[in-house]
Amino acid sequence: MKDLDQTIVTGNKTIRFQPSEMRPHLVVLYPQSQFKQIALSVGSVILGRGSDADVHLDDELVSRKHCKISFDGLHITVEDLGSTNGTYVDGNAITTAILGPDNRLQIGTMVLKVEFKDATEEAIDRELFEAATTDALTKIANRRTFMDRSLGELALARRNNYYVHCIMVDIDHFKRVNDTWGHQCGDVVLKEVAKILKNEKRESDLLARYGGEEFVLLLCGIGPEDAKKSAERLRAAVENHRFAWNDTIIPVTISLGLASKQGEFIGKIDELIAESDKYLYIAKEGGRNQVTSA
């Protein structure tokens, strides 16, 4: 391998570039909510739905270990790993194939392609993606991202007869915080609550800012009692946290509504949110700083 001039064979094209400037990436084109750009180094990565895959793809039609992408410094190849629904390149089922910029890789409902990017392009793409999917203030997922990503979780739970749980979270008397200490203080409270929820949730749980002072979580793979314990842990963590503004302690608590469904009884995400919102209203009417569920 030369230091200053590298030749890469991609499909029917030969690309020459300086390694310090360009790098191959595997980019998710569809669905947009699943955007990823996977930088390829010499070696291989496994793509799949399972937690043991190198690159997790949230699609119910993707196998746990679906395919392997390899880069040997010259070729980028894809190898199907005996997936249930097959691996396709340009619409053709493959066992192994070479990938180039003109090819489209399809696994499940997802479409990917190879792109060559320098460090600046990679950073810009990452920033654009984060701006589209992340709440600017709290730095957690925004509502749209939560709605998009929950679809795959719900579909998987229906197919495997799992439980899913939706938790709506509301900061108690948040208007009073803004009116008494100002909106800058309110922003600090929102960011700290988001940080607490993020730290206390399981890694697999989906967390997003739903709007205003409301947050939403989606939990999968545990029973109703464990979901209630998780919700109570979140409540206690916020209650026990010391919120301060200009050396003044700010009393902050949260109310939570928990809705649970299993397997074939799981409807649309909007329905699950509406039910958890109903229990949230009961929690607030009942005195706040509590978890309410069925």
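Select Arg 288 to begin: at 29% relative accessibility this residue counts as partly exposed, a label for values between the cut-offs for buried (under 20% relative accessible area) and exposed (over 50%), found with a 1.4 Å probe on protein chains only. Arg 288 is found in the loop between helix H6 (269–285) and strand S20 (291–293), where helices (H or I, at least four residues) and strands (E, at least two) are DSSP runs numbered from the N terminus. The phi of Arg 288 is near 65°, a positive value in a residue other than glycine.

Before moving on, note that this is a predicted model, in which local features need pLDDT of at least 70 and side-chain atom pairs count only at pLDDT 80 or more, while totals for chains, interfaces and linings use all residues. Residues are numbered from 1 along each chain as its sequence is written, and side-chain values use heavy atoms, with hydrogens and water left out.

Next, select Asn 246, in the loop between strand S17 (243–245) and strand S18 (248–250). Asn 246 also is not a glycine and has a positive phi, of about 50°. Most residues other than glycine have a negative phi. Asn 246 is exposed, with a relative accessible area of 62%.

Select Val 189 and, leaving aside its neighbours within four places in sequence, look for its contacts with Ile 171, Phe 174, Val 177, Phe 243 and Val 252, a contact being heavy atoms within 4.5 Å.

Finish at the largest pocket, whose volume is about 1200 Å³. A pocket is an open set of points on a 1 Å grid over the protein atoms alone, where a 1.4 Å probe fits, with protein on both sides within 12 Å along at least five of seven lines; lining residues have an atom within 4 Å of a point. The volume is the space filled by probe spheres set on the points, which are joined across faces, edges and corners. Of the 36 lining residues, select those closest to the centre: His 56, Glu 153, Glu 203, Ser 204 and Leu 206. Helix H2 (143–160) is among the elements that give two or more residues to this lining, and H2 gives the most, with six.
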